[in-house]
Amino acid sequence: MTWTELVMAAAPTRGEQPAVSDVRTGEVLSYATFVKRVTRAAAGLRSQGLRYGDKVIVNVPPGATLPVATHSVAWAGGVVVLAASGSARMLITQRHYDPAATRVEQVYSFRPVEGAKPFTELLDEREVEFGPLAGPALTFDGRRVFDHGELAGDLRRLAARAAITENDVVISAVNDPFRALRVIDLAMTCGAHVVVAHEPSLVGCRVLAEERRASVVVAPYDLARRLLREPALRVVDERTIVSSLDL
């Protein structure tokens, strides 16, 4: 399976079960909706001229829209650039767009933004059935580019050792977009439900874990260390999510 196929793999059995809950916006993304949006937006990107290997800036915070934007681009054959500025064929944003900071031909936004088209315009009636098997997939610094095989292989290894199941609710207290994406990818590959915290704190994570009956929390080192005192939670340092990629 490819990188995006791994993240989609649980959809046939999980269906309308929640994949990502975004505490900041209140949005709940189901597994079925994720696959539908990704495959249809990929078709829309291609119809708008995206070619294999074209860069697309994805300036979207951790939450329910981050995996949709990222995997739509990857499934279409583009290269995801997790950044707020730079040069690319297109840009996908949540609500902010600074024309002075970017050089792009087209801009799409999940929320109304002057100068941007709604992301929903990309949701073509057709679907892209098969994504790329290999080639460049993602960068966050413009220097190192991860390919599909590298991201897929690492995700398989993470899933094998993480011991996360479809019965788990995973709290993501991660702010870095790439690390947050890897947490979401991992949880969805395992069929779990990931809840993305907003401005996570010790008290906030405790409350959220109790409200959502969470079993796992992924957090930065300092926060993870303090959460270790919670007997009902399995605590994961966010660095372990990307350490196998030498990050």
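Helix H6 is mostly covered, with 11 of its 13 residues buried; here buried denotes under 20% relative accessible area, exposed over 50%, and partly exposed in between, with a 1.4 Å probe and protein chains only. Helices (H or I, at least four residues) and strands (E, at least two) are DSSP runs numbered from the N terminus. The model is predicted, and local features need pLDDT of at least 70, side-chain atom pairs count only at pLDDT 80 or more, and totals for chains, interfaces and linings use all residues. Residues are numbered from 1 along each chain as its sequence is written, and side-chain values use heavy atoms, with hydrogens and water left out.

The buried set of H6 consists of Phe 178, Ala 180, Leu 181, Arg 182, Val 183, Ile 184, Asp 185, Leu 186, Ala 187, Met 188 and Thr 189. From its first C-alpha to its last, H6 reaches 18 Å, close to the 18 Å expected for its 13 residues at 1.5 Å a residue; the expected span is 1.5 Å times one less than the number of residues.

Two packed helices are described by the angle between their axes and the distance between the axes. The axes of H5 (residues 148-162) and H6 (residues 177-189) come within 10 Å and cross at roughly 65 degrees. These axes are lines fitted to C-alpha atoms, for helices over the stretch in contact, with angles running from 0 to 180 degrees between N-to-C directions. The crossing of H5 and H6 is right-handed, a term applied if the near helix is turned clockwise from the far one by less than a right angle, anticlockwise being left-handed. On the H5 side the contact (heavy atoms within 4.5 Å) is made by Leu 151, Asp 154, Leu 155, Leu 158, Ala 159 and Ala 162, and on the H6 side by Arg 182, Asp 185, Leu 186 and Thr 189. By class, the residues of this contact comprise 6 nonpolar, 1 polar and 3 charged, where Ala, Val, Leu, Ile, Met, Phe, Trp, Tyr, Cys and Pro count as nonpolar, Asp, Glu, Lys and Arg as charged, and the others, Gly among them, as polar. Ala 163 lies in the loop between H5 and strand S12 (169-172). The phi of Ala 163 is near 55 degrees, a positive value in a residue other than glycine.

Phe 146 belongs to strand S11 (residues 146-147) and counts as buried, at 0% relative accessibility. Apart from neighbours within four places in sequence, Phe 146 is in contact with Pro 136, Ala 137, Leu 138, Phe 140, Leu 151, Phe 178, Leu 245 and Leu 247. Among these partners, Leu 151 also takes part in the contact of H5 with H6, and Phe 178 is one of the buried residues of H6. The C-alpha atoms of Phe 146 and Pro 200, 54 residues apart along the chain, are separated by 28 Å.

Helix H4 (residues 65-76) is also mostly covered, 12 of its 12 residues being buried. These include His 71 and Trp 75. The end C-alpha atoms of H4 are 17 Å apart, in agreement with the 16 Å that its 12 residues should span at 1.5 Å a residue. Just after H4, Gly 77 takes a positive phi of about 100 degrees. For helix H3 (residues 31-47), the 17 residues should span 24 Å at 1.5 Å a residue, and the separation of 25 Å between its end C-alpha atoms agrees. Buried residues of H3 include Tyr 31, Phe 34, Val 38 and Arg 40. H3 is followed by Gly 49, whose phi is positive, near 105 degrees.

Two further sites were examined. Ser 85, in the loop between strand S4 (79-81) and strand S5 (86-87), is partly exposed at 41% relative accessibility. Leaving aside neighbours within four places in sequence, Ser 85 is in contact with Ile 57, Ala 101 and Thr 102. Asp 246 is located in the segment after helix H9 (239-242) and is exposed, with a relative accessible area of 68%. Its phi is near 65 degrees, a positive value in a residue other than glycine.

Overall, the protein chain holds 9 helices and 15 strands. Its radius of gyration, taken over C-alpha atoms, is 17 Å, close to the 18 Å that the globule rule (2.2 Å times the number of residues to the power 0.38) gives for 247 residues, so the chain is as compact as a globular protein of that length. Of the 247 residues, 53% count as buried.
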